[in-house]
Amino acid sequence: MTTRPPITVLLASPRGFCAGVDRAIQIVERAITKYGAPVYVRHEIVHNRHVVERLKALGAVFVEELDECPTDRPVVFSAHGVPKSVPAEAKDRKMLFLDATCPLVSKVHVEAERHHDAGREIVLIGHAGHPEVVGTMGQLPDGAIALIETVADAQAYQPRDPSNVAFVTQTTLSVDDTAEIVAALRARFPEITAPHKEDICYATTNRQEAVKAIAGRADVLLVLGSANSSNSVRLAEVGLRSGARAHLIDDAESLDFAWLEGARVVGVTAGASAPEVLVQGVIDRLAECFEVTVEEVDAARETVTFKLPKVLALANDP
């Protein structure tokens, strides 16, 4: 009988679903229960293939634009937020719509509008084309927000009035990268107006800190999440920077055992849109070839919850 080699799994905590993702998924599930299938969802509700496939099986139909939706069925807007033109079009078409935008993304929208109303020029730190960025820029008229993706962009940015600039950020960015960009903006515009409270959400920050807590001890880091998930991609980047051989994988089937050659310690985490079942799947797959010892490493405790829209709330909801 062959003895399986030992391997230690360092399980990052917190990991996986955040409050905004949990709320968004519940909105789709409850909409299907209340109104029956199909319920349409504009854009992937969250960026995770497994979540999307499960909701499809329940009766969700995912589309990219509102004009793909019939007017007689409910439509849910994704957790990433939408431009103002989208709910306006839904109202014009007399559609029943449910907004699953994460409240922390909505906070950024409100901030941007306040800066605009105060006459400030607005910089948005984020990634071009990401739905959250499209949604935030779509809160204001074209040209009202300048997108900054890199330190070089920050150094090249030319406002009309350098003394009257404000910045907001995408909620799922690398904390370290964003700090560098903000430092470059502050160096050029000492009077720049910052968010009252950090825009990068608590869950993004906590998951990146949890990766840092395990990456230094791990030979290999496995990040569960889809390639189009900004916060999951950032976790893999943080792992690489921290010295671990980091791999972003969709699920246990994506695990290549060649990555583990010579490894004795494997770090495992999951992006904010990745369900816990995927983490357990990886541990189970590792157990097929290794004698696995699991050690949970706590970096922060999360107690945040967000209320569901009243129309979907149940009598026993908190």
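The model is predicted, so to speak of local features a pLDDT of at least 70 is needed, side-chain atom pairs count only at pLDDT 80 or more, and totals for chains, interfaces and linings use all residues. Residues are numbered from 1 along each chain as its sequence is written, and side-chain values use heavy atoms, with hydrogens and water left out. Helices (H or I, at least four residues) and strands (E, at least two) are DSSP runs numbered from the N terminus.

**The open sheet**

- Five strands make up an open sheet, in the order β10-β9-β11-β1-β12, and their pairing is parallel. Two strands pair if DSSP finds at least two bridges between them.
- The edges are held by β10 (245-249) and β12 (291-298); each has a single partner strand, so one side of each has no neighbour in the sheet.
- From one strand to the next, the twist averages 25 degrees. Axes here are lines fitted to C-alpha atoms, for helices over the stretch in contact, and angles run from 0 to 180 degrees between N-to-C directions.
- Within this sheet, β9 (residues 220-224) pairs with β11 in the parallel sense over five bridges, and L221 stands opposite G267 in β11.

**Strand β8 and its partner**

- Strand β6 (residues 121-125) and β8 run parallel and are joined by five bridges; V123 has F167 as its bridge partner in β8.
- β8 is mostly covered, with five of its five residues buried. Buried means under 20% relative accessible area, exposed means over 50%, and partly exposed lies in between (1.4 Å probe, protein chains only).
- V165, F167 and T169 point one way from β8, while A166 and V168 point the other way, and all are buried.

**Aromatic pairs**

- The whole structure holds three aromatic pairs. Rings of Phe, Tyr and Trp (its six-membered ring) pair if their centres lie within 6.5 Å; planes under 30 degrees apart count as stacked, over 60 as edge-to-face and the rest as tilted.
- One of them is the stacked pair of F77 and F97, at 5.3 Å centre to centre with 20 degrees between the planes. This pair links distant parts of the chain, 20 residues apart, with F77 in strand β4 (residues 75-77) and F97 in strand β5 (residues 97-99).
- F77 is buried at a relative accessible area of 0%, whereas F97 is partly exposed at 26%.
- Another pair, Y157 and F189, is edge-to-face, at 5.9 Å centre to centre with 80 degrees between the planes. Y157 sits in the loop between α6 (151-156) and β8 (165-169) and F189 in the loop between α7 (175-188) and α8 (202-215), so the pair ties together parts 32 residues apart in sequence.
- Both Y157 and F189 are buried.

**Cysteines**

- A search of the whole structure finds zero disulfides; the term needs a pair of cysteine sulfur atoms within 2.5 Å.
- For C18, the closest cysteine sulfur is in C201 at 5.8 Å, which is too far for a bond.
- C18 is buried at 12% relative accessibility, and C69 is buried at 4%.

**Loop residues S273 and H47**

- S273 lies in the loop between β11 (265-270) and α10 (276-289) and is buried, with a relative accessible area of 4%.
- H47 belongs to the loop between β2 (39-42) and α2 (49-58) and is buried at 5%.
- A polar atom of the S273 side chain lies 3.2 Å from the backbone oxygen of H47.
- The side chain of S273 also makes a polar contact with that of S229 (3.5 Å), and the side chain of H47 makes one with that of H43 (2.8 Å). A polar contact is a pair of N or O atoms within 3.5 Å; within protein, one must be able to donate a hydrogen and the other to accept it, and residues adjacent in sequence count only if both atoms are side-chain atoms.
- Leaving aside neighbours within four places in sequence, H47 is in contact with H80, H130, P131, S226, N228, S229 and S273. Contact means heavy atoms within 4.5 Å.

**Loop residue V82**

- V82 lies in the loop between β4 and α3 (85-92) and counts as buried at 6% relative accessibility.
- V82 and T136 are 54 residues apart in sequence, yet 7.3 Å apart in space, C-alpha to C-alpha.
- Beyond its neighbours within four places in sequence, V82 has contacts including R42, F77 and T101.
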